[in-house]
Amino acid sequence: MASAYRNANRDSADSGSDLSDVELNGHETSGSEASDASADEAPALTQLPVELRNRILMLTSRGVSHRQRHLLNDLSALLPHTYKDTKLDTKSNNNYNSALNALADLHSCNYIFFLEARKHAQDLYLWLSHAPNGPTIKFNVTNIHTMAELGFGGNCLKGGRGVVVFDKSFDEGLQGHEHKTLIREMLRGVFCVRSKGVRGMKPFVDRIIGIYGLDGKIWIRVYEIRETDKDKESADDLPKGSRTDVTLLEIGPRLVLTPIVILEGSFGGPVIYENKQFVSGNQLRKEALIKKSAKYADRRVGLEERVMKRKALGLDSGSKRKRSAVDDRELFG
């Protein structure tokens, strides 16, 4: 009985397998087409654009001042897709290529925001690099003002995103300003935050980062987007979307960047662009010292001229002058 039951089950399984083979053969073409279509759609759904997967490595060199250190802290707080590392302890900028690219690879960062202090923090330079293949832009950072120093009344949420605005000087096709297009793309990769996939990011857009080009320099300002309700009497007649007033309040920080040189690789390679009009801080201090010493030299020349003139008149000959005949000491003994 058990053997007959097993034979019956085997016959039904064979018939079922035959039916399944017929059904699979009948739908073989449609299944292959569906798999091909899903294979074509899968990369479009899973792959994100390159500019949305940016992560910034922020760090400074040894010897920065308190203001420069607070500037990096403010920028790191404004941008949720950054990783702030400890100070880079190296004595030579020839080691930047290997050290910084290794740190970026270790922390899965594709942009490097490195502040280098020189001359006892008198000069501050920004190295902005796209790791590991470049390019690299070197800026001179001046007119630094931190959030705490400015003391503005504006405030924004920690972890929020911002709208990055460039002025017309960064438009493509401007004759003689082709390098600004590259600078715009590098700054856009640093200050633009992707809409999802960032730890600690809030789903709010509450700030505007303005980047302006003027006098061969780049001026960066940060504003808060503040919305306030209008008066109820006037707001009832307005459409629903325009019942609030939108104002901009500056929150800081402030800084001015002067591009110096653009390198093809990451902290190395051929020079793509060089700013011939840039004057280093050493040269400015040297000119100020020369100007100050020129004033001292003018005073010394005037003193020597007065001494020579007095000697020519016999006023400072060093010997006693002969008494005149009408001197009191001659007349009255």
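**A buried glycine and its strand**

Reader: Is Gly252 buried or exposed?
Author: Buried means under 20% relative accessible area, exposed over 50%, and partly exposed in between (1.4 Å probe, protein chains only). Gly252 has 0% relative accessibility, so this residue counts as buried.

Author: A note on the source. This is a predicted model: local features need pLDDT of at least 70, side-chain atom pairs count only at pLDDT 80 or more, and totals for chains, interfaces and linings use all residues. Residues are numbered from 1 along each chain as its sequence is written, and side-chain values use heavy atoms, with hydrogens and water left out.

Reader: Which residues does Gly252 touch, leaving out those up to four places away in sequence?
Author: Contact means heavy atoms within 4.5 Å. On that basis Gly252 touches Leu78, Met147, Leu150, Phe152 and Val222.

Reader: Gly252 lies in the loop between which strands?
Author: Strands (E, at least two residues) are DSSP runs, numbered from the N terminus. The loop with Gly252 runs between E9 (244–250) and E10 (254–263).

Reader: How many residues of E10 are buried?
Author: E10 is largely enclosed by the rest of the structure. That is because the buried residues number nine of the 10.

Reader: In E10, what is the bridge partner of Ile218?
Author: Two strands pair if DSSP finds at least two bridges between them. E8 (residues 217–229) and E10 run antiparallel, joined by three bridges. E5 (residues 136–145) is also antiparallel to E10, with eight bridges, and there Val141 stands opposite Leu257. For Ile218, the partner in E10 is Leu257.

Key
Helices (H or I, at least four residues) and strands (E, at least two) are DSSP runs, numbered from the N terminus.
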